[in-house]
Amino acid sequence: MLQTIESIRRHRASLLALLLVLGSSAAQAHGVTGSDQAFLEQNVGRQLVLFTYLGAKHMVTGYDHLLFLFGVVFFLYRLREVAGYVTLFAIGHSTTLLAGVLGGVHFNAYLVDAIIGLSVVYKALDNLGAYRRWFGVQPDTRAAVLIFGFFHGFGLATKLQDFQLSPDGLVPNMLAFNVGVELGQLLALSAILIVMGFWRRSAAFGRQAFAANTALMSAGFVLIGYQLTGYVVAS
């Protein structure tokens, strides 16, 4: 226990920096900047390459997604397991992204983003073994990743639904955007796994894992609080 407390103290500066970054830029969590919005709204006709690029940019800069994926792969060592979980997340994310934009399925953006923050908290607690200690059972992680993947897809869909998207070429453009999202996910996840590979080989990984997941959980709570505050203010 003393080692755990000391580990948190050693990393408190980095934890505080992470929380400040999240709190100051949570509005851009989905990586749809003003310039991207302008392009999306001004576009007419098929722009497959550019929409693919914007989809990839969304995933690479969407730290809410990256935090969740970081938690998912934190204790996964086999490439086959990583691929399985990432595929489930991609299925969930793609389904609701396309259903939201093309099918008109809509939910409150603040509440969806709050649930995305909850997904980060959930996975951090899962990595800390909290559910087994508290309830004596281990939830199905695969089911959780798929379900939260649905909400992550709706998170972006709610942003795109607020834009004035041209119906001309919308379907192929959104399909290209979704392809870009998955390509961006692969790029971001590859970088995460490379860093994790070096980190896991260090002697300090076992001691630092608790602090890292505590930081992950704290970041999730910041996201939840930010979005719920926005919901109350906007109501």
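Residues are numbered from 1 along each chain as its sequence is written. In this predicted model local features need pLDDT of at least 70, side-chain atom pairs count only at pLDDT 80 or more, and totals for chains, interfaces and linings use all residues, while side-chain values use heavy atoms, with hydrogens and water left out.

User: How many helices and strands does the protein have?
Analyst: Helices (H or I, at least four residues) and strands (E, at least two) are DSSP runs, numbered from the N terminus. Along the sequence the pattern reads α-α-α-α-α-α-α-α-α-α-α. The count is 11 helices and 0 strands.

User: What percentage of the residues in the protein is buried?
Analyst: Buried means under 20% relative accessible area, exposed over 50%, and partly exposed in between (1.4 Å probe, protein chains only). Of the 235 residues, the buried share is 47%.

User: Which element gives the most to the lining of the second largest pocket?
Analyst: A pocket is an open set of points on a 1 Å grid over the protein atoms alone, where a 1.4 Å probe fits, with protein on both sides within 12 Å along at least five of seven lines; lining residues have an atom within 4 Å of a point. The lining includes Gly71, Tyr85, Lys123, Asp126 and Asn127. Two or more lining residues come from each of α5 (63-73) and α7 (109-127). With 3 residues, the top contributor is α7.

User: Which element gives the largest share of the nonpolar patch?
Analyst: Patches use residues with over 30% relative accessible area and no salt bridge, and nonpolar side chains (Val, Leu, Ile, Met, Phe, Trp, Tyr) are joined within 5 Å. A salt bridge is a side-chain nitrogen of Lys or Arg within 4 Å of a carboxyl oxygen of Asp or Glu. Tyr110, Leu111, Leu228, Tyr231 and Val232 make this patch of about 420 Å². The largest share, 3 residues, is from α11.

User: Is Leu111 buried or partly exposed?
Analyst: Leu111 lies in helix α7 and belongs to the nonpolar patch. Its relative accessible area is 34%, so Leu111 is partly exposed.

User: How far apart in space are Leu79 and Leu193, C-alpha to C-alpha?
Analyst: Leu79 is in helix α6 (residues 79-103) and is exposed, because its relative accessible area is 65%. In sequence, Leu79 and Leu193 are 114 residues apart. In space, their C-alpha to C-alpha distance is 9.7 Å.

How values were computed
Patches are made of residues with over 30% relative accessible area and no salt bridge: like charges are joined within 9 Å, nonpolar side chains (Val, Leu, Ile, Met, Phe, Trp, Tyr) within 5 Å. Accessible areas come from the Shrake-Rupley method with a 1.4 Å probe; for residues, only the protein chains shown count as cover.
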